[in-house]
Amino acid sequence: MGLSNQVVDEILTILAGILHLGNVRFHMDGGAQISDRDAVEKAAQFLSVSTESLIESLTHNKREMRGEVFLSPLNEDQAMASRDSITMAVYSHLFDWIIQRINSRVKSPKTPFSSIGVLDIFGFENFTINRFEQFNINFANEKLQQYFNKHIFSLSSSSIIRKEYRGVILTGQTMLDALI
C-alpha cells in the first residue's frame, strides 16, 4: 500500500488507543465515574487527547444553548454507550481512511492492478463504498466459514482416521502415503 513506517506506527497507535478505550469501566457515584483511571489515561495518550477531556466526553453530556455550556452527568449505561460510540467512530474513521488510501493506490496510473476483489463464503461482493458495518459482516461470515470448515474436516478426518487398507491398519501420515 506504500505506507511509511511512521504511518503504520500511527495506525497501530490509534488501534492501541481504541483497545485501551474498550477497557474503560464505570461505576456510579452521583453520576458515571471512571473505575480505573489507568485505562483512560493510556487511551488518551494513544489517541493524543487530554485525559480530562476524554473523561468528560465519556461521563458527561455537553450541551450549548445561547452561548452557555451545560454539562449533565451520564449514568453508567449512558457512559458505556458513550465509550462504545467514541470507539466505533474512531475505528470507523481509521477504517475509512485506510480504504481511501487503498482506493487511491489502486486507481493510481503507476500501479499494475486496478481493483481488489474479496471472495467470501457467499461469493464475490462489489460495493461502491466500503463501510465499517460491511467489514464486520464479512469478518463474521469468514469466522463462521472457518468454524464450519474446521468442524466438517475434523468430522471427516475422525471417520477416516483409522481405516484398514489391504489388511494393514493405517493412521495419519501412513494413510496419506498409502493412498498417494
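A helix axis here is a line fitted to C-alpha atoms over the stretch in contact, and angles between axes run from 0 to 180 degrees between N-to-C directions. With that in hand, welcome to this predicted model. The chain has 180 residues, and its secondary structure comes to six helices and eight strands.

**Overall layout**
- Buried residues make up 22% of the 180 in the chain.
- Among contacts in the chain with a separation of 6 or more, 45% come from residues 24 or more positions apart.

**Helix α1 against helix α2**
- The axes of α1 and α2, the latter spanning residues 37–47, come within 8 Å and cross at roughly 160°.
- Angles over 145 degrees count as roughly antiparallel, so α1 is roughly antiparallel to α2.
- This crossing of α1 and α2 is left-handed.

**Helix α1 against helix α4**
- Helix α1 covers residues 5–22 and helix α4 covers residues 76–106; their axes come within 9 Å and cross at roughly 160°.
- That angle makes α1 roughly antiparallel to α4.
- The crossing of α1 and α4 is left-handed.
- The residues of the α1 and α4 contact comprise twelve nonpolar, two polar and one charged.

**A look at Thr51**
- Thr51 sits in helix α3, which runs over residues 51–59.
- Its relative accessibility is 18%, and because buried means under 20%, Thr51 counts as buried.
- Leaving aside residues up to four places away in sequence, Thr51 touches Arg37, Val40, Glu41 and Ala44.

- The average pLDDT of the chain is 79, and 72% of the residues score at least 70.
- Over residues 173–180, pLDDT stays under 50, and the model has seven contacts beyond four places in sequence for this stretch.
- Where pLDDT is low, predicted coordinates should not be read in detail.

Technical notes:
Residues are numbered from 1 along each chain as its sequence is written. This is a predicted model: local features need pLDDT of at least 70, side-chain atom pairs count only at pLDDT 80 or more; totals for chains, interfaces and linings use all residues. Side-chain values use heavy atoms; hydrogens and water are left out. Helices (H or I, at least four residues) and strands (E, at least two) are DSSP runs, numbered from the N terminus. Angles under 35 degrees count as roughly parallel, over 145 as roughly antiparallel, 65 to 115 as roughly perpendicular and the rest as oblique. A crossing is left-handed if the near helix is turned anticlockwise from the far one by less than a right angle, and right-handed if clockwise. Ala, Val, Leu, Ile, Met, Phe, Trp, Tyr, Cys and Pro count as nonpolar, Asp, Glu, Lys and Arg as charged, and the others, Gly among them, as polar. pLDDT is the predictor's confidence in each residue, from 0 to 100. Contact means heavy atoms within 4.5 Å. Buried means under 20% relative accessible area, exposed over 50%, partly exposed in between (1.4 Å probe, protein chains only).
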